[in-house]
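Here is a short note for someone opening this structure for the first time. Please keep the sequence and the 3D view at hand while reading.

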Amino acid sequence: MIKKSLHLFFSVALLFSQAAFSQDKKEPGAATEPVRLIRGPYLQVASSTGIQIRWRTDVSSRSKVRYGTAPGKLDQSVEDIKLLTEHKVNLAGLKPLTKYYYSIGGLKDTLQGDENNSFTTLPQPGEAGHYRIAALGDCGDNSINQRHVKEQLLKYLGPNELNAWILLGDNAYQDGTDSEFQSKFFNIYKNDLLKKYPVFPSPGNHDYHDTDLSAKHAQETHETAYYQNFSMPTEGESGGVPSHTQAFYSFDIGNIHFLSLDSYGKEQNAYRLYDTIGPQVQWIKRDLAANKNKGWVIAFWHHPPYTMGSHNSDEEEELVKIRENFIQIIERAGVDVVLNGHSHGYERSRLMMGHYGMEKTFDAKKYNLSSSSGKNDGSKDSKPYTKSLKKDKGTVYVLSGSAGKLGGKQASYPHDAMYFSDADHGGSCVLDVQDNKLELKWICADGVIRDQFTMMKELNKNVSKPD
Ligand SMILES: [Fe+2]
């Protein structure tokens, strides 16, 4: 038995080393040295009919993706004859919600491609179904916590798959440099999440290297590794109103509409997210108005309106301004869930609306639209939050910033607007959406689910009404 396992291990290891060390020298004009895969593959700009596969090689080489709907039958391909180290290959004309297997490499050789190289296209925009999306905040610090959070997320999923994962900012500490992205983000997630599930990022202050003197400049130019390392659906490729900028964008996963926002960078060298006359907010208003018919609307960005974790939302100017000036726009449009990071813990509100002041002005009776925990687990006051076509307002604010970094509490921790707060355990969130039912679970680094909530919605007259 042991002999057999060892044999299998060495066969797989041999296959892997052959795959990761390709000889592209037969191609005229291409690299004469062996080409090594040093980053990826990873999946970007996913939609119901297309995807972009990215990877990096150590020397310039050509690109080819072979793909097909069975692992041993990669009967279609797309190639690019340009000599590059940053490879970006777009696949188009795919079928919605269909599993594809793929390999990457040069025109003749394969760098990687086995039964673990697969992705599933997104569902048709607007179509209800059963979807799972993971959210990781403040993840890239190369800590034990980062690894445990990832392992427990994968364990929780078991045989179930994600449709996508989203990043809540501060994706590579300390300064969001390319080498930090390599060692603390791409290397950590390369064997599981990145090659299989499309990732939709948002930027945090560390992605603009805010500990560096050049931060001010980067806020204006957006010339940081974050923008070079990720491709975003800026032209409405995945649904939503085109934003024409990588800083913020929107996309659909079936009947869920997502907005990824930039709470740190500046637009036109002047406007932040909380400057509501700026181009980002103008686009947000247009996008929200155009997507009112979606079953669910979820917005995510880095800086939270309510936190007393490692950051203080009464004292940090940008958090105060986001709360005072910006979130009313989100609330007016009936956005169901807001996901943030920045503080390195987990803080979650009840269904609420209208609180834009300091913590001491929070009045639960006035601002909570439900006194339920939303836990839906049979405990006292745990009914799901409900929304109907007539009563469609209210937002649950979730801060989940401990997928890598962990800890920190202000003197007045926890924030009074937050029903549940925990800065002692790392974790990530999984959104599980089935037609008119949304569940969010906080999966901790030790595998324990310490918080969850359910929201039910009357989507249209054919959908069963919530209790
Ligand atoms: Fe941050």
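1. In which loop is His-342 found? It is the loop between β14 (337-340) and β15 (346-349). The model is a predicted one. His-342 has a positive phi of about 85°, although it is not a glycine. With 29 C-beta neighbours inside 10 Å, His-342 counts as buried, because the cut-off for that class is 20 or more.

2. His-244 has 11 C-beta neighbours inside 10 Å, so it counts as exposed.

3. A further histidine deserves a look. His-217 lies in helix α5 (residues 215-221). It has 13 C-beta neighbours inside 10 Å and therefore counts as partly exposed. The C-alpha atoms of His-217 and Gly-265 are separated by 9.8 Å. Along the chain these two residues are 48 residues apart.

4. Now the overall picture. The chain has 9 helices and 21 strands. Of its 467 residues, 52% count as buried. Take the contacts between residues at least 6 apart in sequence: 69% of them join residues at least 24 apart.

5. Which residues touch the most other members of the largest nonpolar core? They are Ile-133, Ala-135, Ala-164 and Trp-165, in a core of 109 residues. Domain 1 (2-120) and domain 2 (130-457) both give residues to this core, so it lies between them. In soluble globular proteins, nonpolar side chains tend to be buried together.

6. Leaving aside neighbours within four places in sequence, Trp-165 is in contact with Ile-133, Ala-134, Leu-136, Leu-193, Tyr-197 and Val-199.

7. An open sheet of 7 strands comes next. Its order is β10-β9-β8-β19-β20-β21-β16, and the pairing is mixed. β10 (199-200) and β16 (385-387) stand at the edges with a single partner strand each, so one side of each is left without a neighbour in the sheet. Strand β9 (residues 164-167) pairs with β10 in the parallel sense, over 2 bridges. Ile-166 has Phe-200 in β10 as its bridge partner.

8. Strand β13 (residues 296-300) is mostly covered, with 5 of its 5 residues buried. In a regular strand the side chains alternate between the two faces of the sheet. On one side of β13 are Trp-296, Ile-298 and Phe-300; on the other are Val-297 and Ala-299. Both faces are covered. β13 pairs with β12 in the parallel sense over 5 bridges. Within that strand, Trp-296 is the bridge partner of Ile-256.

9. Helix α3 (residues 178-189) has 12 residues. It reaches 15 Å from its first C-alpha to its last, close to the 16 Å expected at 1.5 Å a residue. Its buried residues are Glu-180, Phe-181, Lys-184, Phe-185, Phe-186, Ile-188 and Tyr-189. Seen down the axis of α3, these fall within an arc of 165°, so they line one face of the helix. They pack against β2 (35-44), α2 (144-157), α4 (193-196) and α6 (225-229).

10. Helix α7 (residues 279-290) can be read in a similar way. Its 12 residues should span 16 Å at 1.5 Å a residue, and its end C-alpha atoms are 17 Å apart, which agrees. Which residues of α7 are buried? They are Gln-280, Val-281, Trp-283, Ile-284, Asp-287 and Leu-288. Seen down the axis of α7, they fall within an arc of 155°, so they line one face of the helix. Their packing partners are β11 (249-253), β12 (256-260) and α8 (317-332).

11. A cis bond joins Tyr-173 and Gln-174, with omega about 10°. Gln-174 lies in the loop between β9 and α3. Another cis bond joins Tyr-413 and Pro-414, with omega about -5°. Pro-414 lies in the loop between β17 (396-400) and β18 (418-422).

Notes: Residues are numbered from 1 along each chain as its sequence is written. This is a predicted model: local features need pLDDT of at least 70, side-chain atom pairs count only at pLDDT 80 or more; totals for chains, interfaces and linings use all residues. Helices (H or I, at least four residues) and strands (E, at least two) are DSSP runs, numbered from the N terminus. The expected span of a helix is 1.5 Å times one less than its number of residues. A residue is buried if 20 or more other C-beta atoms lie within 10 Å of its own, exposed if 12 or fewer, and partly exposed in between; C-beta atoms are placed from the backbone. The arc is that of the directions from the helix axis to the C-beta atoms. Two residues are in contact if their C-beta atoms, placed from the backbone, lie within 7 Å. A nonpolar core is a set of buried Ala, Val, Leu, Ile, Met, Phe, Trp, Tyr and Cys residues joined through C-beta atoms within 7 Å. Domain bounds come from an automatic or database domain assignment. Two strands pair if DSSP finds at least two bridges between them.
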